[in-house]
Amino acid sequence: ITVMEAVCDGEEPEVVTQACLLSEFSEKGEARALINSLPDIHHDPVSREATIEKFVVIMDRYQEQPHLLDPHLEWMLNILLEMIRNEKSPPLMVHLCFKFLYIISKVRGYKIFMQLFPHEVSDVLPVLDLLCRQDPKDTETWETRYILLLWLSMTCLIPFDLSRLDGHLSTDPGLNRESIMDRILAVAKSFLRVSDKSRDAASVLVSKFVTRPDVKLKRLGDFLDWCLTTISQTSEITMEGTVTLDGALQSLAQLFKHGKRDDFLQYAPTVLQCLNQKRIAESNQATLRKLGVKVVQRLGLTFLKPRLAKWRYQRGSRSLAVNLAQSSVTGSVEATKTDLESVSQEEDYDIPEDVENIIEQLLVGLKDKETIVRWSSAKGIGRVTGRLPKQLADEVVESVLECFSFQETDNAWHGGCLAFAELGRRGLLLPSRLSDVVPLIIRALTYDEKRGACSLGSNVRDAACYVCWAFARAYEPSELKPYVNQIASALVIATVFDRNITCRKAASVNILSPQGTFPHGIDIVTAADYFTVGNVNNCYLTISVYIAGFEEYTKSLIDHLVHMKVNHWDGVIRELATKALHNLTAQAPEYMANTVLPQLLPMATGLDLHRRHGAILACAEITHALYEIATQKNSWVTDFLSSDTIEGLKNIHQKLSDRKQYRGFGGELMRPAVCGLIEKLSLSKMPFKDDPVITGWQWLIDDSLKNLHLFSSGARRGIQDSALSALAALCRQYYQVEPGVANVEMQDQLVSQYLSALMSPEVLTRCGCALALGSLPPFMIRGKLQKILPGLQAACKVVQKAESQTEARRDAATAMSQVCVAVGVCAQGSPDRVLCEGNIRPVYEALLGCMNDYSMDSRGDVGAWVRAAAMSSLMDVTLLVVASAPELLSSDLVQRMMCCLVQQAAEKIDRYRAHAGTVFLRLLHSIDPAVPHIPHREELLSIFPPETGNSLNWNAASQAFPHITQLLRLHQYQYHTLLGLTVSVGGLTESTVRYSSQSLFEYLKGIQQDATVLQQFGDTLLCIFRDNLRNDRVSVPLLKMVDQILANGCFELFTSEESHPFCVELLALCKEEIKKSKDVQKLLSCVAVFCGMVQFKGDVRQKVLVQLLMLLCHPFPVIRKTTASQVYEMFLTYDDVIDDEQVLADVMASLSDTNWESDIATVRTHRNQLCDWLGLPRPILVTKVTHLGN
């Protein structure tokens, strides 16, 4: 950002970007060390894996600049080959060396790398023998076989007849051994059938070996027969068959690529016939179809004489030196215009009939469903067309043009674009054809076809950008001049308005052609460079406005949005398009008003849902933009619009209503769109006051707010927000008799209907109407405040009913603050018009009541929504009151508010803790003016200095709780802080429990020796327990917290006093809490607390032991078992409970040996025995007495 700011300010930063280009192989030392370490680490799997990984990371850095490795390839290869040739090298190390060789060849490319292999005569047999010893089925060592096949391919190039290496066959004919030639062919054939990458290397071997002069004389025909037999007899149904076909087709493609035409021409018709019979193009395997296309195009090149078409379009020379020499003389490089008549005689030669079949197959390949097949077909068409006479080549171009019919699929369009790019790049698309091709490419740049829930065509648009790139480099500027403006507009549109980021970037790099012939190309590409077009919002709303400032592009950008994007299938694009039209209106207001709006109005009431939705939004945005322009000129928006346009805008709602288009799925789009139209027309001050259309608009807003439950959950928020915005704008424009004075009739009607709807059984109706009251302008509320506030306060209260009204309470709390902010504050004002002394307390009481909403349902703690809304509302109202009349805030209200915020800031849900903390600090740090009556303000400011407002991350438990626990030492905050901490320390989230308990224990450690403070803490703890008895939300976490406190010995000061009041009260509360309880978690927590309370001496200890022994006979087996286990641990921990060692041994043995999950009668016997040993009275089972009436 700093760099961007510097550039914008006209400064030149020292470093704008960090270059990713490398200058040399800087890791050569590390690479050498890794290669040299192979003998030492090859036997250790861990070291071996780590070394390979390091080498891969080093080499992968050079994937895009592999030429930097060239000076170092030789020494790396020599070191590794030396290890491989060393007879002492174990097989594992040899395979490791080959793996390193493969990594290097992968990065540099096998074609360059294989040239460095030694290829002396003496290398042939060792390499062949080593390859024959490999196991083709070993999946771990395929790199070895791959590199050996490449090495063998190089050794095959020795300029000697291979029969010279078969001297042993003539001297000792009785051995009946194979010749070298047959051995190599056998190896190649065997590896053409394997499923790993060595199959690719085998095809390279075939292309080098079979094309040798001595081998092709003896074996070429046989090998081609073998290939064709393999192809015709192999089925692609099995995986093995697919692999075999792949190998045979690869070898054919390589042979016809590298072999001489004279050698292969006689076999080409047979090969083509075999492929036609096999119908490779109809295969289900994309790889086979691609290889089929490769072989077919190579056959086409074999049939045709290898020559460059004299008729092709040439632009300068391929030599930079020649171009520069020409330009120094002539000043420009002219395209070579060949006299076609002079070369016509050279073109008169017979074209074999098979070429037509080949071109037909390549044209079919352009429409294949896989990109790799289409791409290969496009390259084939380019290569074959380059050898055709001009007339036949033109027929090929005509055939490619047929791919661009709207009956064709996106695959055909994509293949056609690739083919035109190849033809243009090779000079085979003559300038005379540009008039046919350019319009199709411009259509391809905006190709978008909806298919189900998505669209097809991004690959077509991307390929069309590639065509533009190829044309810009293939033709002279003078040839493209008639089409430059069309191409430039289409590319600019794709750059800023394409939905796909890849297409936007592809188009942006084409804007500035090599000659700079595009209008304003440099300015545009500066604003819409490769990186800035990455953000679609930036493209639509910012870059498009800048480009539209150039006259050549203004109308084309607007027209594209109106005709292609306003009706787009993606709702996000439709909305962005309408916002872009708003921004572009300033560039052409008359065009928008006189041309665009009349085009949009029929679309706004048409049959197509998406078109209708986008057109309505566009009408709204354009009208509002025209209003803003009119305001700047001190005129009215109606000065821009014709009477027909105004009437058309007014009638949109009525036409939709008459057709019942507000219902169902379409209604979910129409309602927010028309509400947006209502808002924008109201803001534009359209002359519709007292018009019947206002009644219709009001009905739509009210109906949308009251029937939100009829729409899908995903659409509700959008409908509600747009209706509320429309309501506010409608009231301001059409319900004011004069500024600040409401239309009494409409005021009564709206307020009464929204208040009555607050009692609706539908929760979403309550939500909508509560927020509607909050969105009313001040003049609509004044005079009705004494009805509105009590209505919202009643809606905030929790009513014990089966149905949950949580969302309604949340929105009522939000609306209450909106109403208060709208009317303002006046201490001595009328309670019916402003917030004043007479009505402020009920507002605070209602919001503080919401702070205690802990409603739960299947969605979890939904009450948190209400608490969060209440916190925001309290902040808004408090800051409003403090700014105008701080004397209205009483000390008790401020204290309760701050205590509630502290409690929320200590609780367990990160998001709501953060919200509470932010609000708390905002009120604490408010200076101008300060919030009065905040308890312990100075101490709070020392804990939370003003600078912590930004630095403290309340979401992080590790940061929040160390600050929060410091409030425990402030008397007025202690209760609420500890109440909030209780649910955090006794919660389930590990991080929250860890940091909250850690902070709590640090505080307790600091007060261990202060009996008064510790007693006060204990009293507060008991008070919380007492207030929340049988409230499981607090009591269960509190028991867990007390267990931790006792286990950490935090109340050790109380143990010295017999039957301390704290432990007596705690025991009584625990007994009351678990009385008749069947909650296993609560019972287990209480067992843990009882075990911890044994450390207190006196009668309390005896009573605690009695409670534990009673729980040993609890009806739930899990309680009995856990109690026995914890009591056992308790006696180990507190060894002063039983003085007699024999009794202790008996008790421990009974606790550990008894099966406490067996039936109650058996368990009770053992329990009574424990009572006797411990000197405690046996619990007596109370029988229920039933009183029978007469």
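**Salt bridges and a negative patch in a predicted model**

The side chains of Lys-216 and Asp-263 meet in a salt bridge, with N and O 2.6 Å apart; the term is used here for a side-chain nitrogen of Lys or Arg within 4 Å of a carboxyl oxygen of Asp or Glu. This pair links distant parts of the chain, since Lys-216 sits in helix α13 (residues 213-233) and Asp-263 in helix α15 (residues 261-264), 47 residues apart. Helices are DSSP runs of H or I with at least four residues, and strands are runs of E with at least two, numbered from the N terminus. Lys-216 is buried, at a relative accessible area of 18%; buried stands for under 20%, exposed for over 50%, and partly exposed for values in between, with a 1.4 Å probe and protein chains only.

The model is a predicted one, in which local features need pLDDT of at least 70 and side-chain atom pairs count only at pLDDT 80 or more, while totals for chains, interfaces and linings use all residues. Residues are numbered from 1 along each chain as its sequence is written, and side-chain values use heavy atoms, with hydrogens and water left out.

By the salt-bridge rule, the count comes to 46. One of these joins Arg-85 and Asp-123, at 3.1 Å from N to O. Here too the pair links distant parts of the chain: Arg-85 belongs to helix α5 (residues 70-85), and Asp-123 to the loop between α7 (110-113) and α8 (124-132), 38 residues apart. The two partners can be set side by side: Arg-85 is partly exposed at 47% relative accessible area, whereas Asp-123 is buried at 9%. A network of salt bridges links Asp-394, Glu-398, Arg-433 and Asp-436.

Towards the end of the numbering discussed here, UniProt (unreviewed entry) places the domain "Tubulin-folding cofactor D C-terminal" at residues 895-1082; such annotations may be inferred rather than shown by experiment. That span is 70% helix and 0% strand, and its end C-alpha atoms lie 33 Å apart. Glu-1073 and Lys-1082 form a salt bridge, with their closest N and O atoms 2.8 Å apart, and both residues are buried.

On the surface, Glu-353, Glu-356, Glu-360 and Glu-395 gather in a patch of negative charge. Such patches take residues with over 30% relative accessible area and no salt bridge, like charges being joined within 9 Å. Helix α20 (residues 353-365) gives the most to the patch, with three residues. Glu-360 lies in helix α20 and is partly exposed, at 47% relative accessible area.

Methods
Patches are made of residues with over 30% relative accessible area and no salt bridge: like charges are joined within 9 Å, nonpolar side chains (Val, Leu, Ile, Met, Phe, Trp, Tyr) within 5 Å. Accessible areas come from the Shrake-Rupley method with a 1.4 Å probe; for residues, only the protein chains shown count as cover. Lys and Arg count as positive and Asp and Glu as negative; His and the chain ends are not counted. The place of a charge is taken as NZ of Lys, CZ of Arg, CG of Asp or CD of Glu.
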